[in-house]
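Here is a quick tour for anyone meeting this protein for the first time. Have a look at the structure, and then we'll walk through a few spots together.

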Amino acid sequence: MILLFTDASPFARKCRVLIEELGVADSIELRDVGALSPLDANDMACAQGPLGKVPILIRPLAASLYDSSVICEYINYANQAAAFPVEGEARWRALRLQALADGMMEAAVAMRYDTSFRKNTPHADQWHERQTARLLASVKTLDERVGSFRAIPTIGEISVACALGYLDLRFGNLSWRRGRQSLEKWFSSFSERPSMVVTAPKTPNINSTQELTLETI
Ligand code: BEZ
(Lines give C-alpha, C1' and ligand atoms only; values in the text may rest on other atoms or scores of the structure.)
Protein backbone atom coordinates (compact mmCIF):
# COMPACT_ATOMS: atom_id res chain seq x y z
CA MET A 1 0.00 0.00 0.00
CA ILE A 2 1.09 3.56 -0.61
CA LEU A 3 0.10 6.61 1.43
CA LEU A 4 0.29 9.87 -0.49
CA PHE A 5 1.00 12.68 1.94
CA THR A 6 2.32 16.20 2.21
CA ASP A 7 4.59 17.24 5.05
CA ALA A 8 2.55 20.08 6.59
CA SER A 9 -0.89 18.44 6.42
CA PRO A 10 -2.25 17.60 9.89
CA PHE A 11 -4.69 15.14 8.29
CA ALA A 12 -1.83 13.23 6.67
CA ARG A 13 0.12 13.36 9.93
CA LYS A 14 -2.81 11.70 11.68
CA CYS A 15 -2.48 8.71 9.32
CA ARG A 16 1.31 8.65 9.72
CA VAL A 17 1.13 8.77 13.52
CA LEU A 18 -1.37 5.90 13.53
CA ILE A 19 0.88 3.85 11.22
CA GLU A 20 3.79 4.37 13.63
CA GLU A 21 1.70 3.69 16.73
CA LEU A 22 0.50 0.39 15.24
CA GLY A 23 4.03 -0.55 14.16
CA VAL A 24 2.96 -1.21 10.56
CA ALA A 25 5.28 1.20 8.74
CA ASP A 26 6.88 -1.73 6.88
CA SER A 27 3.63 -2.49 5.06
CA ILE A 28 2.85 1.05 3.88
CA GLU A 29 5.11 3.08 1.59
CA LEU A 30 4.97 6.80 2.30
CA ARG A 31 5.09 8.99 -0.80
CA ASP A 32 5.46 12.74 -0.33
CA VAL A 33 3.60 14.64 -3.08
CA GLY A 34 5.48 17.83 -2.16
CA ALA A 35 4.12 21.19 -1.06
CA LEU A 36 0.47 21.66 -2.02
CA SER A 37 -1.33 24.82 -3.02
CA PRO A 38 -5.13 25.06 -3.03
CA LEU A 39 -4.76 27.04 -6.26
CA ASP A 40 -3.20 24.17 -8.21
CA ALA A 41 -4.29 20.60 -8.80
CA ASN A 42 -1.76 17.96 -7.76
CA ASP A 43 -1.42 15.37 -10.52
CA MET A 44 -0.53 12.46 -8.23
CA ALA A 45 -3.47 13.15 -5.91
CA CYS A 46 -5.93 13.81 -8.77
CA ALA A 47 -5.01 10.50 -10.41
CA GLN A 48 -6.31 8.71 -7.31
CA GLY A 49 -9.54 10.54 -6.54
CA PRO A 50 -11.79 13.29 -7.89
CA LEU A 51 -11.13 15.63 -4.96
CA GLY A 52 -7.37 15.48 -5.55
CA LYS A 53 -6.73 15.82 -1.83
CA VAL A 54 -4.12 14.13 0.32
CA PRO A 55 -3.84 11.94 2.28
CA ILE A 56 -4.90 9.12 -0.01
CA LEU A 57 -4.22 5.43 0.59
CA ILE A 58 -3.52 3.47 -2.60
CA ARG A 59 -4.40 -0.20 -2.13
CA PRO A 60 -3.31 -2.97 -4.51
CA LEU A 61 -6.25 -4.35 -6.52
CA ALA A 62 -8.76 -2.22 -4.57
CA ALA A 63 -10.08 1.32 -4.68
CA SER A 64 -7.96 4.09 -3.18
CA LEU A 65 -9.26 5.43 0.11
CA TYR A 66 -9.78 8.97 1.37
CA ASP A 67 -10.17 10.96 3.66
CA SER A 68 -7.94 10.65 6.75
CA SER A 69 -10.71 9.22 8.95
CA VAL A 70 -11.53 6.48 6.45
CA ILE A 71 -7.84 5.72 5.88
CA CYS A 72 -7.19 5.46 9.62
CA GLU A 73 -10.17 3.21 10.20
CA TYR A 74 -9.08 0.97 7.33
CA ILE A 75 -5.47 0.70 8.59
CA ASN A 76 -6.76 -0.08 12.07
CA TYR A 77 -9.17 -2.72 10.69
CA ALA A 78 -6.59 -4.30 8.35
CA ASN A 79 -4.24 -4.74 11.30
CA GLN A 80 -6.91 -5.81 13.79
CA ALA A 81 -5.78 -3.00 16.07
CA ALA A 82 -7.67 -1.20 18.82
CA ALA A 83 -7.26 2.48 17.93
CA PHE A 84 -10.97 2.49 16.99
CA PRO A 85 -12.79 0.91 19.92
CA VAL A 86 -15.45 -1.37 18.47
CA GLU A 87 -18.35 -0.72 20.77
CA GLY A 88 -19.81 1.07 23.74
CA GLU A 89 -19.15 4.56 24.99
CA ALA A 90 -15.40 4.08 24.35
CA ARG A 91 -16.13 4.10 20.61
CA TRP A 92 -18.22 7.27 20.69
CA ARG A 93 -15.66 9.00 22.94
CA ALA A 94 -12.84 8.23 20.47
CA LEU A 95 -14.89 9.21 17.40
CA ARG A 96 -16.16 12.41 19.01
CA LEU A 97 -12.62 13.40 19.93
CA GLN A 98 -11.50 12.68 16.39
CA ALA A 99 -14.38 14.79 15.02
CA LEU A 100 -13.47 17.69 17.29
CA ALA A 101 -9.81 17.54 16.28
CA ASP A 102 -10.68 17.22 12.57
CA GLY A 103 -12.91 20.28 12.90
CA MET A 104 -10.01 22.19 14.42
CA MET A 105 -7.74 21.11 11.56
CA GLU A 106 -10.35 22.17 8.99
CA ALA A 107 -10.78 25.60 10.57
CA ALA A 108 -7.03 26.14 10.90
CA VAL A 109 -6.15 24.97 7.38
CA ALA A 110 -8.97 27.10 5.88
CA MET A 111 -7.72 30.11 7.82
CA ARG A 112 -4.14 29.44 6.72
CA TYR A 113 -5.17 29.42 3.07
CA ASP A 114 -7.44 32.41 3.47
CA THR A 115 -4.65 34.39 5.09
CA SER A 116 -2.30 33.47 2.25
CA PHE A 117 -4.57 34.08 -0.70
CA ARG A 118 -7.59 36.22 0.11
CA LYS A 119 -6.49 39.04 2.34
CA ASN A 120 -8.72 42.10 2.56
CA THR A 121 -11.87 40.52 1.14
CA PRO A 122 -15.24 41.62 2.58
CA HIS A 123 -16.01 39.93 5.92
CA ALA A 124 -12.45 38.53 6.15
CA ASP A 125 -11.89 39.82 9.69
CA GLN A 126 -15.27 38.55 10.86
CA TRP A 127 -14.61 35.15 9.29
CA HIS A 128 -11.16 34.93 10.89
CA GLU A 129 -12.63 35.87 14.25
CA ARG A 130 -15.18 33.10 13.91
CA GLN A 131 -12.54 30.48 13.06
CA THR A 132 -10.34 31.70 15.90
CA ALA A 133 -13.27 31.45 18.30
CA ARG A 134 -13.94 27.89 17.15
CA LEU A 135 -10.32 26.93 17.68
CA LEU A 136 -10.04 28.48 21.12
CA ALA A 137 -13.38 27.05 22.25
CA SER A 138 -12.19 23.62 21.09
CA VAL A 139 -8.93 23.99 23.02
CA LYS A 140 -10.94 24.94 26.14
CA THR A 141 -13.13 21.83 25.77
CA LEU A 142 -10.09 19.60 25.26
CA ASP A 143 -8.42 21.10 28.34
CA GLU A 144 -11.53 20.20 30.36
CA ARG A 145 -11.63 16.65 28.97
CA VAL A 146 -7.96 15.79 29.09
CA GLY A 147 -8.52 13.69 32.21
CA SER A 148 -10.44 11.18 30.06
CA PHE A 149 -7.62 10.81 27.50
CA ARG A 150 -6.31 7.24 27.20
CA ALA A 151 -2.72 6.24 27.96
CA ILE A 152 -2.81 3.87 24.98
CA PRO A 153 -3.93 6.35 22.35
CA THR A 154 -7.04 5.87 20.26
CA ILE A 155 -7.73 7.72 17.05
CA GLY A 156 -9.15 10.48 19.27
CA GLU A 157 -5.92 11.26 21.12
CA ILE A 158 -3.88 10.91 17.90
CA SER A 159 -6.14 13.40 16.09
CA VAL A 160 -5.98 15.91 18.95
CA ALA A 161 -2.17 15.76 19.00
CA CYS A 162 -2.01 16.39 15.24
CA ALA A 163 -4.45 19.31 15.47
CA LEU A 164 -2.43 20.96 18.26
CA GLY A 165 0.81 20.28 16.34
CA TYR A 166 -0.66 22.12 13.36
CA LEU A 167 -1.61 25.11 15.52
CA ASP A 168 2.01 25.26 16.66
CA LEU A 169 3.21 25.01 13.05
CA ARG A 170 0.99 27.71 11.56
CA PHE A 171 -0.65 29.64 14.39
CA GLY A 172 1.92 30.16 17.12
CA ASN A 173 0.42 33.59 17.72
CA LEU A 174 -2.84 31.96 18.80
CA SER A 175 -1.09 31.12 22.10
CA TRP A 176 -3.46 28.18 22.66
CA ARG A 177 -1.53 27.12 25.79
CA ARG A 178 -2.52 30.26 27.70
CA GLY A 179 -4.64 29.13 30.68
CA ARG A 180 -4.75 25.55 29.39
CA GLN A 181 -2.06 23.91 31.51
CA SER A 182 -3.65 20.45 31.58
CA LEU A 183 -3.80 20.19 27.81
CA GLU A 184 -0.34 21.70 27.47
CA LYS A 185 1.11 19.09 29.85
CA TRP A 186 -0.61 16.24 28.01
CA PHE A 187 0.55 17.52 24.60
CA SER A 188 4.10 18.02 25.77
CA SER A 189 4.27 14.41 26.95
CA PHE A 190 2.46 13.03 23.86
CA SER A 191 4.84 14.93 21.57
CA GLU A 192 7.72 12.85 22.91
CA ARG A 193 6.23 9.64 21.55
CA PRO A 194 8.37 8.25 18.70
CA SER A 195 5.31 8.39 16.39
CA MET A 196 5.12 12.17 16.89
CA VAL A 197 8.86 12.73 16.67
CA VAL A 198 9.29 10.93 13.33
CA THR A 199 6.23 12.64 11.78
CA ALA A 200 7.08 16.17 12.98
CA PRO A 201 6.76 18.56 9.99
CA LYS A 202 10.03 19.56 8.40
CA THR A 203 8.29 22.65 7.03
CA PRO A 204 9.57 25.66 8.96
CA ASN A 205 7.10 27.17 11.41
CA ILE A 206 5.48 30.05 9.60
CA ASN A 207 2.85 31.90 11.52
CA SER A 208 -0.22 33.42 10.00
CA THR A 209 0.30 37.14 9.55
CA GLN A 210 -3.15 37.77 10.97
CA GLU A 211 -3.23 38.65 14.65
CA LEU A 212 -5.14 35.78 16.23
CA THR A 213 -6.35 36.50 19.70
CA LEU A 214 -9.81 36.51 21.16
CA GLU A 215 -9.69 37.50 24.79
CA THR A 216 -13.36 36.70 25.24
CA ILE A 217 -13.03 32.90 24.92
C1 BEZ B 1 -0.03 23.91 5.09
O2 BEZ B 1 0.92 24.22 4.40
O3 BEZ B 1 -0.29 24.47 6.14
C4 BEZ B 1 -0.88 22.74 4.61
C5 BEZ B 1 -0.53 22.05 3.47
C6 BEZ B 1 -1.32 21.00 3.03
C7 BEZ B 1 -2.44 20.63 3.74
C8 BEZ B 1 -2.77 21.30 4.89
C9 BEZ B 1 -2.00 22.36 5.33
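Let's start with Ser-69, which counts as buried at 18% relative accessibility, because buried means under 20% relative accessible area. Keep in mind that this is a predicted model. Ser-69 sits in helix H3, which covers residues 68-78. So what is Ser-69 in contact with, leaving aside its neighbours within four places in sequence? The answer is Lys-14, Phe-84, Gln-98 and Asp-102.

Next up is the sheet. Three strands make an open sheet, in the order S2-S1-S3, with mixed pairing. At the edges you'll find strand S2 (29-32) and strand S3 (56-58), each of which pairs on one side only. From one strand to the next, the twist averages 25 degrees. Strand S1 (residues 2-5) runs parallel to S2, and the two pair over four bridges. In that pairing, Leu-3 stands opposite Leu-30 in S2. Helix H1 (residues 10-22) packs on the sheet and touches S1 and S2. The direction of H1 makes about 145 degrees with that of S1.

Now for the charged side chains. Side chains of opposite charge can pair when their charged atoms come close. A search of the whole structure turns up eight salt bridges, including these:

| Salt bridge | N to O distance |
|---|---|
| Arg-93 and Glu-157 | 2.8 Å |
| Glu-144 and Lys-140 | 3.2 Å |
| Glu-184 and Arg-177 | 3.9 Å |

Take the pair of Arg-93 and Glu-157, joined by a salt bridge. Arg-93 lies in helix H4 and Glu-157 in helix H6 (residues 155-170), so the pair ties together parts that are 64 residues apart in sequence. Are these two buried or exposed? Arg-93 is buried, with a relative accessible area of 15%, and Glu-157 is buried too, at 0%.

Glu-144 and Lys-140 are four residues apart in helix H5 (residues 124-145), so about one helical turn separates them. Glu-144 is exposed at 56% relative accessibility, while Lys-140 is partly exposed at 35%.

As for the salt bridge between Glu-184 and Arg-177, Glu-184 is partly exposed, with a relative accessible area of 30%, and Arg-177 is partly exposed, with a value of 30%. Salt bridges that share partners join Asp-168, Arg-177 and Glu-184 into one network.

Last stop, the surface. Leu-39, Tyr-113 and Phe-117 make a nonpolar patch of about 300 Å² there. Phe-117 belongs to helix H4 (residues 88-117) and is partly exposed, with a relative accessible area of 42%.

Notes:
Residues are numbered from 1 along each chain as its sequence is written. This is a predicted model: local features need pLDDT of at least 70, side-chain atom pairs count only at pLDDT 80 or more; totals for chains, interfaces and linings use all residues. Side-chain values use heavy atoms; hydrogens and water are left out. Two strands pair if DSSP finds at least two bridges between them. Axes are lines fitted to C-alpha atoms, for helices over the stretch in contact, and angles run from 0 to 180 degrees between N-to-C directions. Contact means heavy atoms within 4.5 Å. Patches are made of residues with over 30% relative accessible area and no salt bridge: like charges are joined within 9 Å, nonpolar side chains (Val, Leu, Ile, Met, Phe, Trp, Tyr) within 5 Å. Accessible areas come from the Shrake-Rupley method with a 1.4 Å probe; for residues, only the protein chains shown count as cover. A salt bridge is a side-chain nitrogen of Lys or Arg within 4 Å of a carboxyl oxygen of Asp or Glu. Buried means under 20% relative accessible area, exposed over 50%, partly exposed in between (1.4 Å probe, protein chains only).
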